Amino acid sequence: MKLDRMNGLKRTDYCGTLTKDFIGKEVVVCGWVQRQRDLGGLIFIDLRDRTGIVQLAFDDNTEKEVFDKAFVIRSEYVVMAKGSVRMRSSINTEIPTGEIEVEVKELKILGESLTPPFEILPDSNANEELRLKYRYLDLRRTPLKDNILMRHRVAKVTRDYFDENGFIEIETPTLIKSTPEGARDYLVPSRIHKGSFFALPQSPQMYKQLLMLSGFDRYMQIARCYRDEDLRADRQPEFTQIDLEMSFVEKEDVFAIAEGYIKRLFKEVLGVDIKTPLPRLTYTDALNDYGSDKPDTRFEMKIKDLSDIVKDCGFSVFADTVKNGGTVRAINAENATAIYTRKEIDKLTEEAKGIGAKGLAFIRWNDDEPTCSFAKFMTEDEMKAIYERLNMKKGDVALIVADKKNTVLSVLGALRLTVAKKLDIIPKQYNFLWITEFPFFEYNEETGNWDAMHHPFTAPLDECIPYLDTNPEKVFANAYDLVLNGIELSSGSIRITDPELQAHMFRALGLSDEEANEKFGFLTGAFKYGAPPHGGMGIGLDRICMLMCEAESIRDVIAFPKVANSSELMSGAPANVDKQQLLDLAIAITKDEE
């Protein structure tokens, strides 16, 4: 088939914008054919663009040449149609344009299409691997298309808000020096400086701090970042963050700007009112109550400590754990007996063992009296005290773990989410939460060292500075995370600007003066020329879009995402390069011999 040319015909309107107000008006629309219906002397075509669908009509009044063209059109053909808007004889309440149609006078076929590997429908049952291979087709589907359009709106509101609040958008380099920042760098070999490498930034951290020293006291950037790490539903090797930094501020100033942004964003994009100020939890309280430093607070089911009740009980698993410095804690799943039968509890036990627990004790209150996996070892008063501590009643199921504190909290934190999803008790709402007062150091049991939990420019709380050398477990960071529905959206901190404190911090982290200067000298040297107090944060744009779109994966809000092994199925990246490119870079490929 010979394709038509536009020959000066221009689109006047988008398909999804046509309404009854257009009746009698001549319009030109263009897009992709969703479907063609041939009813003999009557043909209907559903035409789709990014705004929606409108029906094109061809009947006895249509010129034969135009009608014949409509007859041969198939799904996903690209067409342009000129005609008059009129009322439909049969109204379709399923689409916004369902009251009108376009009576076509002129039709151009601008592009043919093979039969797609899957139907371009909102609810495609094609597997994700196939849809990612043909991502350009998948993006035509309404859910993904709407996600990308919402992402655009999020980016626009972001720029508007920060501009109105005095922030300057400044781009920072994407070819930088490799510095330790928590994850593995993506390296880029230099052709000119053979044997040397750039790194792709894990964040613009050091550059935005340098901008504070340069006098740009409010910086913002929608920044591309890269981390060579294993993937999961809310992680990609390349991602986008809303990066900001502010001078002459304390933590509360950063919180106020971030909360104003969240309130504005959700109101303008979703029409949802977020109540501010946002609630706060310390890191310690979050772990003790929810078993996670990014808790989902849309439902209760808090973790309760039973150690004081069972420390002298007859059940050796509990008593010995407490005597050896461990803890015994539990969650209570209300009204759970109908779903959590003994068989289902056995499944939970296997899950608990899979994430580090030695076992899972339980209390199931289905009848007048609770049944319990350990009751025969306990006194009546001890059991009564447990029921009261957990606020148990008929219909409830309690799950109990005994082990080291970190293990107990992480296991119960995971079980809490599993149980809540199984019981379907998580409401559809947006629960934001600040997590504050993070430990500065984390004890590494394998090495016996205290490792940094944050990048080395994070300031400790002033009252903790005396403990840097003597009691690292008492040092807390002036750092904060923003959490939404159990997902970390943002990390940030107030930064160190005192050169002496920074040098002290490097030494506390095990870096010699020479190592610190080699890795960070260009930043720490700048601190000697007048550094204002400053702090900031980076908000994950992909993650916040995922939650606002109610998408199941971060891939659903990224136009061309990577899969679990960091490859892109559509283009085939990463791929081999020719030998000359490697020679230019003085790189040789070696293969491991098994």
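The questions and answers below concern a predicted model of one chain and the criteria behind its structural terms.

Q: What do the numbering and the values in this model rest on?
A: Residues are numbered from 1 along each chain as its sequence is written, and side-chain values use heavy atoms, with hydrogens and water left out. Because this is a predicted model, local features need pLDDT of at least 70 and side-chain atom pairs count only at pLDDT 80 or more, whereas totals for chains, interfaces and linings use all residues.

Q: How many helices and strands does the chain have, and what makes a stretch count as one or the other?
A: The secondary structure comes to 16 helices and 22 strands, where helices (H or I, at least four residues) and strands (E, at least two) are DSSP runs numbered from the N terminus. The C-alpha atoms of the chain fill a box of roughly 95 × 75 × 60 Å along the principal axes, and 48% of the 594 residues count as buried.

Q: Why are α13 and α14 called oblique to each other?
A: The axes of helix α13 (residues 499–508) and helix α14 (residues 513–524) come within 11 Å and cross at roughly 140°, the axes being lines fitted to C-alpha atoms, for helices over the stretch in contact, with angles from 0 to 180 degrees between N-to-C directions. Angles under 35 degrees count as roughly parallel, over 145 as roughly antiparallel, 65 to 115 as roughly perpendicular and the rest as oblique, and α13 and α14 are therefore oblique. Their crossing is right-handed, a term used if the near helix is turned clockwise from the far one by less than a right angle, left-handed being the anticlockwise case.

Q: Which residues make the contact of α13 with α14, and how do they divide by class?
A: With contact meaning heavy atoms within 4.5 Å, Q502, F506 and R507 of α13 and D513, A516, F520 and T524 of α14 make it. They divide into three nonpolar, two polar and two charged, where Ala, Val, Leu, Ile, Met, Phe, Trp, Tyr, Cys and Pro count as nonpolar, Asp, Glu, Lys and Arg as charged, and the others, Gly among them, as polar.

Q: Why does D289 count as partly exposed?
A: Buried means under 20% relative accessible area and exposed over 50%, with partly exposed in between (1.4 Å probe, protein chains only), so D289, at 22% relative accessibility, counts as partly exposed. D289 lies in helix α7 (residues 283–290) and, leaving aside its neighbours within four places in sequence, is in contact with K302 and I303.

Q: Where does α7 meet helix α12?
A: The axes of α7 and α12 (residues 405–423) come within 8 Å and cross at roughly 65°. L287, N288 and Y290 in α7 meet K405, L409, G413 and R416 in α12, and by class this contact has three nonpolar, two polar and two charged residues.

Q: Why is strand β3 described as largely enclosed by the rest of the structure?
A: Six of the seven residues of β3 (residues 52–58) are buried, so this strand is largely enclosed. Strand β5 (residues 100–111) is likewise largely enclosed, because nine of its twelve residues are buried.

Q: What makes β3 a partner of both β2 and β5?
A: Two strands pair if DSSP finds at least two bridges between them. Seven bridges join strand β2 (residues 43–49) to β3 in the antiparallel sense, with I43 opposite F58, and a hairpin joins these two strands through two residues. Three bridges join β3 to β5, which run parallel; Q55 stands opposite E101 and L56 opposite V102. Strand β5 is also joined to strand β4 (residues 78–87) by ten bridges, in an antiparallel arrangement, where the bridge partner of K82 is E106.

Q: Why are β12 and β15 the edge strands of their sheet?
A: Five strands form an open sheet in the order β12-β13-β16-β14-β15, with antiparallel pairing, and β12 (304–305) and β15 (371–372) each pair on one side only. Strand β14 (residues 361–364) and strand β16 (residues 397–403) pair over four bridges, with V397 as the bridge partner of R364. Helix α10 (residues 342–354) packs on the sheet, touching β14 and β16, and its direction makes about 155° with that of β14.
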